[in-house]
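Here's a quick briefing to read with the model open beside you. Have a look at the chain first, then work through the points below.

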Amino acid sequence: MRGTASRAFRTLGVLSEGIRIGTLYGFSSGEMLDYVYENEARGRGPLGRGIDRMYLNSIGWRGIRERRANLIRTLTAIVVTRRSLGLSTRIVDIAAGPGRYLIDLAESLGGHDVAIECRDLDADAVAQGRTLAAARGVANVTFLQHDALNGPPPSADIVVVSGLYEILTDEAAIRASIAAIGKAMPTGGLLVVTGQPHHPQLQTIATLLTDRDGSPWRMHLRSTATLERWCRQAGFTDIHTHADTLGIFTVSVARRAANVEAAQTFVRLVPGDPHVAHPCPGWAALTPAQHVLDR
Ligand SMILES: C[S@@+](CC[C@H](N)C(=O)[O-])C[C@H]1O[C@@H](n2cnc3c(N)ncnc32)[C@H](O)[C@@H]1O
């Protein structure tokens with residue numbers, strides 16, 4: 001049965017533009033996500049477009065489009081609030097792909113007080129993003145080919161990490177990345193980071209879809225508690241997470257604490273993971289006021 005689905009996907013899939021892009025760049029690539037955001041079925045003939053529509057309507061891609069909407073909503077609210085305080089905003093997305101969602105955001109926000117830098121390891125994604133921004137006349141979105149896991153982390157008021165940690169399996173590298181972002185960020189800076197605690201089609205995806213190197217795309221789910229704990233351990237506080245209506249993707253906002261050491265001590269006293277035995281018998285005596293360490 002699985003072999004039949006796989007054969008049908010490979011033979012009929014070539015008619016669909018989305019499946020062609022996924023096969024070429026990897027189904028977890030920024031190029032793939034940009035196509036999903038566009039959400040316009042394309043392909044060879046009516047059959048190809050029909051297959052493409054089914055592909056674009058799959059639950060995971062519907063979740064990705066909701067994640068995009070939630071990201072844009074979140075970033076808009078932050079920029080508008082900063083604007084009302086007379087503050088300009090520099091946003092860096094460390095793995096933006098071609099960054100279509102950030103070009104959309106820049107267009108809708110307008111103004112000269114927002115600068116967005118889209119970074120990505122993939123030279124094709126960076127080139128596509130530059131072309132798209134130029135075609136739309138959006139000058140305040142710039143692009144940089146950069147490895148998010150090596151080299152200097154960005155300095156920005158808002159750092160976005162969308163869809164990167166979900167495709168990484170090396171948890172130590174993810175934690176080091178969050179810590180480096182926190183270290184480079186000014187006090188009060190915000191991390192906007194996505195998570196993926198659930199996906200209903202893990203097996204189907206591992207069977208049919210491939211990463212850029214042609215290996216099966218095996219998703220690694222991570223609980224919201226885990227992602228939030230890593231943020232706290234990196235000195236972030238006031239972490240708020242909301243999920244899409246499908247329960248697949250989350251968007252978390254975390255504020256870099258003024259007193260990172262105090263925030264980290266707090267994490268040691270009150271670990272976020274309920275399965276971890278509590279190291280400090282007196283922790284329950286902490287009052288809510290004591291929980292807010294850096295205000
Ligand atoms: C799932 S896509 C997400 C793209 C975009 N952030 C979004 O949400 O639509 C993951 C992106 O991470 C990029 N990527 C993977 N490893 C990276 C690394 N070490 N440094 C920078 N970008 C990386 C890929 O090239 C790809 O564009």
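F27 counts as buried because 21 other C-beta atoms lie within 10 Å of its own; the cut-off for buried is 20 or more, exposed means 12 or fewer, partly exposed is in between, and C-beta atoms are placed from the backbone. Bear in mind that this is a predicted model: local features need pLDDT of at least 70, side-chain atom pairs count only at pLDDT 80 or more, and totals for chains, interfaces and linings use all residues. Residue numbers start from 1 along each chain as its sequence is written.

**Around F27**
- You'll find F27 in the loop between α2 (17–25) and α3. Helices here are DSSP runs of H or I with at least four residues, strands are E runs of at least two, and both are numbered from the N terminus.
- Beyond its neighbours within four places in sequence, F27 is in contact with G22, M32, L209, T210 and W217, where contact means C-beta atoms, placed from the backbone, within 7 Å.
- F27 and L208 sit 181 residues apart along the chain, yet 9.8 Å separates their C-alpha atoms.

**Overall picture**
- The protein has 12 helices and 7 strands, and 38% of its 295 residues count as buried.
- Of the contacts with a separation of 6 or more, 75% link residues 24 or more positions apart.

**The cores**
- The largest nonpolar core has 46 residues, and L102, I158, V159, V161, L191, V192 and C231 touch the most other members. A nonpolar core is a set of buried Ala, Val, Leu, Ile, Met, Phe, Trp, Tyr and Cys residues joined through C-beta atoms within 7 Å.
- Helix α6 (residues 100–109) gives this core its largest share, 5 residues.
- Another core, of 15 residues, lies apart from it and includes I51, L208, I248 and F249.
- I158 is in contact with L75, I78, T89, I91, G189, L190 and V192, leaving aside neighbours within four places in sequence.

**Helix α6**
- R100, Y101, L102, I103, L105 and A106 are the buried residues in α6.
- What do the buried residues of α6 pack against? The partners are α3 (30–38), α5 (59–84), β1 (89–93), β2 (114–120), α7 (123–135) and β3 (141–145).
- G110 follows α6 and has a positive phi, near 60 degrees.

- Most residues other than glycine have a negative phi.
- N39 is not a glycine, but its phi is positive, about 55 degrees. N39 is in the loop between α3 and α4 (45–56) and is partly exposed, with 15 other C-beta atoms within 10 Å.
- D238 also has a positive phi, near 50 degrees, without being a glycine. D238 belongs to strand β6 (residues 236–243) and counts as partly exposed because 15 other C-beta atoms lie within 10 Å.

**Ligand shell**
- There are 20 residues around the ligand, and G30, A95, G97, A148 and G163 come nearest; to be near, a residue needs its C-beta atom, placed from the backbone, within 6 Å.
- The shell splits into 10 nonpolar, 6 polar and 4 charged residues.
- Domain 1 (2–57) and domain 2 (60–294) each supply at least three residues of the shell, with domain bounds taken from an automatic or database assignment.

- Mean pLDDT, the predictor's confidence in each residue from 0 to 100, is 88 for the protein, and 87% of residues reach 70 or more.
- Over residues 271–295 pLDDT stays under 50, and the model has 26 contacts beyond four places in sequence for them.

Terms used
Two residues are in contact if their C-beta atoms, placed from the backbone, lie within 7 Å. Ala, Val, Leu, Ile, Met, Phe, Trp, Tyr, Cys and Pro count as nonpolar, Asp, Glu, Lys and Arg as charged, and the others, Gly among them, as polar.
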